[in-house]
Amino acid sequence: MRSANSSIRSRLTVAFIGLAVAPLLVAGAAITWYSYSFQKGQALTLQLELARGAAIQTADFISVGTTQLKVFAQNIPGTEWTSDQSRRGLSRLVSQDPFFEEVSQLDRSGRELARASRIVVVTSSDLRNRAQSPEFLQPAGTGATYLGPVWYDPVTGEPFMTVAVPILDPRTGGVSGVLAGNLRLKKVWDLISDLRVGEGGAAFIADQNGWVVAHRNPSVVLGPTRFAAPEESGVHAGLDGNAALVALQPVAIQGSGLQVVVEQPLLEALAPTIREVLVIGSILVLALLAGLVMASLAVRQIVRPVQGLANTSLAISSGDLTQRAPVTAGDELGTLASAFNTMTDRLQASINSLKQRVAERDAAVAKLDKEIAERKEIEEELREANLRLEQTLAQLKTTQGHLVQQERLRALGQMASGIAHDFNNALATILGFSELLLTRPTDVEDTEKVLAYLQIINTGARDATRIVSRLREFYRHREEGDVFLPVNLNELVQQSISLTQPKWKGQALANGVLIDVTASLEPVPLVAGNEGDLREMLTNLIFNSVDAIVQRTGGRAGAGVVNEEQLATDGSIVLRTYRRTSLPRIDANGAPTASPQPADEVVLEISDNGAGMTDEVRQRCLEPFFTTKGDEGTGLGLSMVFGIVERHKGALDIQTTWGQGTTFVISLPACATPAPATRERTPDAETRIRPLHVLVVEDEELERDLMTKYFNADGHTAEVAANGREGLQKFQQGKFDLVIIDLAMPEMSGEQLAPVIKRLSPQTPTIMVTGFGDMMLSSGEVLPGVDLILSKPLSLGDLRNAVARVTQRDRVTVG
Amino acid sequence: MRRFIRFSRQVWLIPLTALVMVAASSCRTEPAMLTIGVVNFTSILNPVYDGFKLGMADLGYVEGQSVEYVYSGGVGEMADLDPEAREIIARKVDLVFAISTAATLKVQQATAGTRIPVVFAPVVDPVQSGMVNSLSRPGGNLTGIRTGGFAAKELEWLVVLAPGIQRVLVPHNPDDGASVAGLAALREAANKLDVELVVHVARTREELNPVLTSLPEDVDAILILPNPVALSAIADFAHVAVARRLPLASTSYAQLEAGALMSYGPDYTRMGRQAARLADKVLKGTAPADLPVETSEFFFNVNLRTAHDIGLTIPDEVLQQTDRIIRLP
């Protein structure tokens, strides 16, 4: 964070300073270098010019001095000159604008003839022999001018140069003597002193050894001062040892070794350059400042807000939500900071809200915990209550079962008398006509009469059979569960009417009430249902109507047996069925129930003109144990009806008017599956079935013979066995297309035999015949090894059908 | 950040300081008024003082603005020199300009132990007088213009102008170094030139009176050494010399104007200018110890009026060798 921040700052700073300074630096360096070179060259050129001028002047000075000597020498009148004359002449020479401090005339041998000095008095005794001195030897020997080295007066320190010229004899042309003088180089000082090279610059003349001969400041010469002359002009150590621009120019006097030096302190020589450098430096400093200021501003305007943001972010990330980023400007960073602050505000608000909600949740959770605890207690209590309820319900169910059974027994009891009556009627017919035949043998001869009697007897027997079967049907086992099969409601209505006939006909008549039961049945689709339940429903409803009619009419107790015709029709019960397309049913909550699609319904209406119901009774009539019949009723009839309708997903509507009658409207959903082929009551089996070899295992001889006769009549052959063991032996010995087995037999029952036969020959169909057939069929009982069950008593038709089915491997129950 | 700002604030100071320094160096502050004390033995040497001031003016020292001179004129008497020198020193001067050997000796004594620089002019032989160690390296707080021995040459020219002179009167002040040195050189030259010196010792102006009032009969020339006592009476000597038609030789052009026949020696004004150049160096920081003593130039001057007055004819050959001539009107 610190490093990233200092990185941004330093980068900005470097960028700004770089932008401000770098170009200036480059340009400044270039300008400085150029200026330095230029200035140095210029200054050096100027100095060289000055030096050249001074050198020329110096050379001129020396040559003038030399010339003076030469002119004087030419004018010396040879040997005619006396010593005194010579002295005076020399004196004049010395007094000339003082070039020479001292001048001597030497004779041919090098002795001084005369000498003149500006300082001392010279007499003849002061004259010296200078034969060995170079100032004599050179001019005397070669005739050339002698220019000696620079020397210095030991007292005053003044520089001198010994100059000597030959004195030529005009007659001989030879050297007659030498004129030698000490040239005062001090006079050159004046030449030099006028040379001005800047403020601190100086021009001076150095001798062959570097000693300063002439300088604007005499002290330098008198010092004396030595200058370490460099090889060539340029930047060197100056006279004072400091760096200087030094120009060198030799004085063009042969052998003098003098050179003019013009020097200028380097700083002064390069003053313009230095000034430029200063200016550039100042600008650089200003640019640097500007860069710093810009960088500072930029840092202030960029880094500081960013840092503020970063600090705030850090603070926030560490949990301090009270921090806010400083909003320093209205620019993008300001907007960012504002947005950040807004975001933080919202975050804080959200967190506060969350905290509040968490607190609320905690409270709610605490409350919930409490509630849960309470609810658990309640649940526990409920569970206990439920347990008690279940126990109670179980008891209630048991009680209810008992009551239902009781009701059923009551109904059975009610029917029993009617059934007995009917059965007696049938038996009476059979007995009567059979006795007629027996007692009147002559009538046997009358075949037509016999056939008529037999037909009546047969009908009576059939009626009896039907009466028994009616009873069986009623008593069918009820607890097989809701096995819904396609049911023809019309058939059930017919069955129910006949099944309840003893009630509505017999008992009603016994009470002096004539009840007419009519059925108005339209073709209707099958309904999915349980035949037994639906039959019970119908029976109950008919009973209920009968009771209602009886209740209205009050009955005619003790009326005795009356003829039907004598009675007016007191009651009427009408059963109607018809088909209706229903709208989707809506339950109490308004939600569609069952199929939301329009569906076919089969409607059953049972109307009576009985007592009807009051509103209160109507509202409560479906309640269990509610009864208007006092001790006679269980109060379960209509509630069972309602339960059955509910189980069949049907609807029950009661339209009733007190004193006028009641109509129960029951609608049941039509079965979607197509109706199965109706029972082939009278199949044309004779033409289809090939002759069969049948084994009949039956302990009752009469039955055995009857079945043998039936089979023979249809062209089949039959072997018989009196019990199971015998039947098994015969089956093993012969080959049979069909086996008829009675259920109840001594030694080996049908139940035991059938599986053995099936195991021996699985392809051989077996038919079980039993007096319990209807009950077995109703209970759905399946016997192992049995393909089909037939109920006794058997008719030829029943047998034919059964044979036809099993031989076609069709295991359909017939009954 | 804060540190950076503080740093950047300090950065401002850098160019500011640089600018101030540049401004300060470009606007040179006015130098404080310099005080130069002048000690002079005799008003005869005033031309030295005048030349000094001219030279100083040439070098940029404007009297009353950048320099002031403390000068009460030539004291005239030897005894007054010492108090004068001490009084000048007490004025806390920046430099003392001592005129004449006698004055320089007193100033040297007065400034002993101080660092007050002293420039002298003229002094005949500062080495012998103990003022400097050597001419090229004075070594102390004194430097200046030396005249050296010119008395011999003065006598020689006197002989040239007036051939045949035998006895030359020389006023001498044994207390004055210049006079002593001059007399020594003069004696040597007199031997060579076969001239007899008649030395008259006079330590004060009054002691000259006997000579002036009754010049010895046998002297045929008078020669003045750079002896302030004698120089201060140059007019009287000139008067006496003309009256006796005797040639009078002196040291400088100033005495020529006072009536001397000739002079040989330094030019006081030029000497003053020369001394001013040294004073400038000293005032600008060069130690006198490092400033070599310079030697003055000598000049040969002739007064044709006096020559006429004393009936002396000077050959053209001689005149041609003079530097300056006071001619007949």
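Buried residues make up 52% of the 329 residues in chain B, where buried means that 20 or more other C-beta atoms lie within 10 Å of a residue's own, exposed means 12 or fewer, and partly exposed is in between, with C-beta atoms placed from the backbone. In chain A, 34% of the 815 residues count as buried. This is a predicted model, in which local features need pLDDT of at least 70 and side-chain atom pairs count only at pLDDT 80 or more, while totals for chains, interfaces and linings use all residues. Residues are numbered from 1 along each chain as its sequence is written, and chains are lettered from A and ligands numbered from 1 in the order in which they are written.

**The two chains**

Let us begin with helices and strands, which are DSSP runs numbered from the N terminus (helices: H or I, at least four residues; strands: E, at least two). Chain A has 20 helices and 22 strands, and chain B has 13 helices and 13 strands. Two residues are in contact if their C-beta atoms, placed from the backbone, lie within 7 Å. Among contacts between residues at least 6 apart in sequence, 65% in chain A join residues at least 24 apart; for chain B the figure is 71%.

**Where the chains meet**

The contact between the chains takes 28 residues from chain B and 26 residues from chain A. On the side of chain B, the elements that give two or more residues are helix H1 (2–26), H5, H6 and strand E11 (294–295). H1(B) gives the most, with nine residues. By class, this side of chain B has 17 nonpolar, five polar and six charged residues. Here Ala, Val, Leu, Ile, Met, Phe, Trp, Tyr, Cys and Pro count as nonpolar, Asp, Glu, Lys and Arg as charged, and the others, Gly among them, as polar.

**Two helix pairs**

Now for how helices pack against each other. Axes are lines fitted to C-alpha atoms, for helices over the stretch in contact, and angles run from 0 to 180 degrees between N-to-C directions. The table sets out one pair from each chain.

| Helix pair | Angle | Distance between axes |
|---|---|---|
| H5(B) (residues 151–161) and H6(B) (residues 177–193) | about 40 degrees | 7 Å |
| H17(A) (residues 724–733) and H18(A) | about 15 degrees | 10 Å |

That angle makes H5(B) oblique to H6(B), whereas H17(A) and H18(A) are roughly parallel to each other. The cut-offs are under 35 degrees for roughly parallel, over 145 for roughly antiparallel, 65 to 115 for roughly perpendicular, and the rest for oblique.

H5(B) passes H6(B) in a right-handed crossing, and the crossing of H17(A) and H18(A) is right-handed. A crossing is right-handed if the near helix is turned clockwise from the far one by less than a right angle, and left-handed if anticlockwise.

Which residues touch? In H5(B), Ala151(B), Ala152(B), Leu155(B), Glu156(B) and Val159(B) meet residues of H6(B) including Gly182(B), Ala185(B) and Leu186(B). The residues of this contact divide into nine nonpolar, one polar and two charged. In chain A, Gly724(A), Gly727(A), Leu728(A), Phe731(A) and Gln732(A) of H17(A) meet residues of H18(A), among them Leu753(A), Val756(A) and Ile757(A).

**A sheet in chain A**

Five strands of chain A form an open sheet in the order E2-E1-E5-E4-E3, with antiparallel pairing. Two strands pair if DSSP finds at least two bridges between them. The edge strands, each pairing on one side only, are E2(A) (112–117) and E3(A) (146–152). From one strand to the next, the twist averages 15 degrees. Nine bridges join E4(A) (residues 159–168) to E5(A) (residues 175–184); Met161(A) has Leu183(A) in E5(A) as its bridge partner. Helix H2(A) (residues 83–95) lies across E1(A) (100–106) and E2(A), running at about 35 degrees to E2(A).

Leu753(A) is found in H18(A) (residues 750–760). Is Leu753(A) buried or exposed? Leu753(A) counts as buried, with 28 C-beta neighbours inside 10 Å. Leu753(A) and Gly785(A) are 32 residues apart in sequence and 8.4 Å apart in space, C-alpha to C-alpha.

Gln249(A) lies in strand E9(A) (residues 243–250) and is buried, with 24 other C-beta atoms within 10 Å. Leaving aside neighbours within four places in sequence, the contacts of Gln249(A) include Leu48(A), Arg52(A) and Val260(A). Gln249(A) and Ile56(A) are 193 residues apart in sequence and 9.5 Å apart in space, C-alpha to C-alpha.
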